[in-house]
Amino acid sequence: MQTTITYNDRVVRQFLLASVVFGVVAMLVGVLIATQLNFHQLNAAEWLAFGRLRPLHTNAAIFAFVGNMMFAGIYYSTQRLCKARLASDFLSSLHFWGWQAIIAAAAITLPLGLTRGKEYAELIWPINIAVAVIWVVFAINFFLTLHRRNEPSLYVALWFYIATIITVAMLYIVNHLSIPTSLTHSYPIFAGVQDALVQWWYGHNAVAFFLTTPILGIMYYFLPKAVNRPVYSYRLSIVHFWSLVFLYIWAGPHHLLNTSLPKWLQLLGMFFSLMLWAPSWGGMLNGLLTLRGAWDKLRTDPVVKFFIAGITFYGMSTFEGPLLSIRAVNSLSHYSDWTIGHVHSGALGWNGFMAAGMFYWLAPRLWKTQLHSIAAANFHFWIGTVGILLYVVAMWISGVMQGLMLNATTPDGLSLQYPAFLDTLTAIRPLMALRIVGGAMYLVGFLVMCWNLFMTIRSGVATDETKEVTLLKRAEVETMPIKTTFINDPVAYSLGALFLYCGWLFLPAGANTVALICGCIFTFMAISRFKANPHTWSQWYESLLHNYIPFSILVVVAVVIGGMVQLIPTITFNTAKNVEERLQKVYTPLELTGRDIYVSEGCYNCHSQMIRTMVPDVLRYGPKEDQGWSRLGESIYDHPFQWGSKRTGPDLAREGGTRNNLWQYQHLMDPRALSPGSNMPTYDHLATKKFDQKTLPKKIAVMTQLGVPYPPMDATAIKIKALEQAGAIMKDLEASGVKVEPDTEIVALIAYLQKLGQYDIVDPTPPPSGIPNPAIPRNPDRIRSAQASAANP
């Protein structure tokens, strides 16, 4: 039966316009914070400081710019691919306005210093709940639309949308599990190595399933439309999808290479990261070769220019990512600007150019007009391309220079060639300035696009597309039983081989070799079975594509397996009995307050607290007589962990006790007075701002609930202990001629900085297999005292 439907393009227009607006905001803030790194004077107020604006930039770029663009592309293409209007206008509207409210809340709270202190997961717990609710609204609207579709088979773009919705929900919920201490503050339930692994399981796969898979789905829909050609290879798209979805979830540990993360996890992350080369480049080639027979459009159509350049940047980024996951390369690149260049080649080149191409293609169709200026679109393309290349090349050179200088030792290997961290900062300043130029050029191109789209919209009329469709009978689809989903050759052989390969990872010596041999045999059996009867496998998959629920269940299985293999052993493995001979001293109430201030000010954006298992790191930050690299037990009570991902300043893992209170005070008040050439903001506002005593008892109670061994203390005792320790610091500063009130934030922060690196020696236990030991002698005279306790600082 034929019927006429009208697509809900109103919500598509809303998300498109929101993406454009927030794209400008994200890029403006990006240019500002890049400039702040060269000109510290631009940290004009506490809410405009780099540490607070950097999370605003990343969240605006990911969730506001790309997020809104993603929703626009998904809602537009899903309706056409399903030949059905979105299931609910109310849910569509709630999704749009709820998401914008979340963005507005983030834009207010992050500059105010209200943060969880975890990259890409900074938003406070009430906003996180809102994100989860709105994501569920999105999921319901999407899956109800699939259920009401009038097209029997699920097109490849829909596969990527399904994977995005399912996996982002799983990642976001697990990584944001927290216990609130107030309306604006909470502590994550994980700590130390657990928190590090969960965070980068989320952080890496947020890039995968928020910034990659949905954009690949958009590529599979909009690129063939733009060039009027079918996708190059349907089979390649199948391999691309399932291998990408399965492999990506395992790769998170490559963000923690050469740290105290157990080596088996480091090798696991590196291995699966390297495997990602194949599906990633398979997807890139599938996109580029879709242009076969239509390469002439690359000269005349700016939409195709943006799409092809975006796909090329996707290929570059997905080549560079596995490269950086190799431990030897990572030892050079990690904590440096090389990572920043890698991230921006993906964000600006892949996401930004795919967004621009989609906007230029959609706007004339959504407003029934012609693009105002092709010349302006071409200008946008070329200035954006040059801007990206300047930015990325500057960061590549800067990162390599940083890595080489910081890792350089004298010929005898016993001391550093560049002992002063500021030497590297001075050397890369011209490259940091070049980054500003590149980012500004990209922003100019984006502003030109804004003008072009505005003029295009003004010349047209907002119109919802109407289409004649044949109604699909429900009996023709969704007929596959759940039993059939799993009991078949493709799934059985895949799960069986995976089970055996996991045995290779976890079984003891001898048994793991047997598991590996059995896994290989099982794989060859699967290949032989497929070759003998390929039509059976193809027919099963075609049937699966008529059934979105079984398809979604298999996606869940594919992504959950990798997460479970990584997280469950580590969560059960990291206990007080496994601390590698060191157990972190519990923070006193004042030190815990100072730590919260450290997180609030965004210090983790520039400072790490992880001395890697590398001789240069040990020589620089150890110190040598302190047994060198960081152990698991040294951060076991850190909620959240503070290992960091970028060193704009030196590592602080062993900062405590290396300098006196006066130095810490003067450095916070005027960094350049003690470190000429430093680009660190001043924190003089901390000298007059009172620290929060009201919620401190609740914070101690929550930390105790999370397993931190605080002694019994009532609210009065907690406040007294905090003020007693603050009074001691105040008197020490007064003896040096500095007057400061004891209940100020600067005193609490000094207390925290002086606690960093303090631990107790416990009964030795064997370290996790494979953790290397740099040849640094142990000096018992430097073992930190184990006499102080949390109750008696």
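**A tour of ring pairs and a hairpin**

Searching the whole structure turns up 53 aromatic pairs, a pair being two rings of Phe, Tyr or Trp (its six-membered ring) whose centres lie within 6.5 Å, with planes under 30 degrees apart counted as stacked, over 60 as edge-to-face and the rest as tilted. This is a predicted model, in which local features need pLDDT of at least 70 and side-chain atom pairs count only at pLDDT 80 or more, while totals for chains, interfaces and linings use all residues. Residues are numbered from 1 along each chain as its sequence is written, and side-chain values use heavy atoms, with hydrogens and water left out.

Select F160 and F241 to begin: their ring centres are 5.1 Å apart and their planes stand at 85°, so the pair is edge-to-face. The two residues are 81 residues apart and link distant parts of the chain, F160 in helix α5 (residues 156-175) and F241 in helix α8 (residues 234-248); helices here are DSSP runs (H or I, at least four residues) and strands likewise (E, at least two), numbered from the N terminus. F160 and F241 are both buried, that is, under 20% relative accessible area, where exposed is over 50% and partly exposed in between (1.4 Å probe, protein chains only).

Next, select strand β3 (residues 185-188), where H185 and Y187 on one side and S186 and P188 on the other are all buried. P188 in β3 is the bridge partner of S178, and a hairpin of 2 residues connects β2 to β3.

Methods
Pairing = 2+ DSSP bridges.
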